[in-house]
Amino acid sequence: GVESFYSAQLLATSLFKDGDLASIGLRFDDMATARRYVIDVNTRYPVSRRFRLNPRMRYAYRDSITADQVQSTFKPSIRFNYIPVRLFQLELEAGGEWTRTTTMIDRETVRGYYVIAGYRIDF
């Protein structure tokens, strides 16, 4: 069958400080097996010339058409960027994912957490 995916995003820069970025995205998925609604809020805030914070929050709600099942997922995260010299960055990101799946006879909650560290070289 036909599956349709719709999305929209708003971006804003320099709302609170030069160089900051804020975005909000909305998505609707109309699939053969389910309908899903997603909101994604993402920001980047320059604390100083060398240090940036990047908090993000995603929420998804999925309603199954083919089964008696509803699922909601919440994914918060925060990324720290440190730029000690031009063209080189250190990154640290931490976040979580909480998913609750509900059926007529059961409810299950799954929680996961992560930490990622890395570097980036631009050339």
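The model is predicted, so local features need pLDDT of at least 70 and side-chain atom pairs count only at pLDDT 80 or more, while totals for chains, interfaces and linings use all residues. Residues are numbered from 1 along each chain as its sequence is written, and side-chain values use heavy atoms, with hydrogens and water left out.

**View 1. A nonpolar patch on the surface.** Tyr 82, Leu 90, Tyr 119, Ile 121 and Phe 123 together have about 660 Å² of accessible area (Shrake-Rupley method, 1.4 Å probe, only the protein chains shown counting as cover for residues). Phe 123, in the segment after β7 (107–121), is exposed (over 50% relative accessible area), with a value of 94%.

**View 2. Antiparallel pairing of β3 and β4.** Strands are DSSP runs (E, at least two residues), numbered from the N terminus, and two of them pair if DSSP finds at least two bridges between them. Here 11 bridges join β3 (residues 34–46) to β4 (residues 51–64). Four residues lie between the two strands of this hairpin, and Asp 40 stands opposite Arg 58.

View 3. Glu 91 is buried (under 20% relative accessible area), at 19%. Its side chain makes a polar contact (N or O atoms within 3.5 Å, one able to donate a hydrogen and the other to accept it; residues adjacent in sequence count only if both atoms are side-chain atoms) with the side chain of Asn 81, at 3.3 Å.

How values were computed
Patch = residues over 30% accessible without salt bridge, like charges linked within 9 Å, V, L, I, M, F, W, Y side chains within 5 Å. Salt bridge = Lys/Arg side-chain N within 4 Å of Asp/Glu carboxyl O. Buried < 20%, exposed > 50% of the residue type's maximum accessible area, 1.4 Å probe, protein only.
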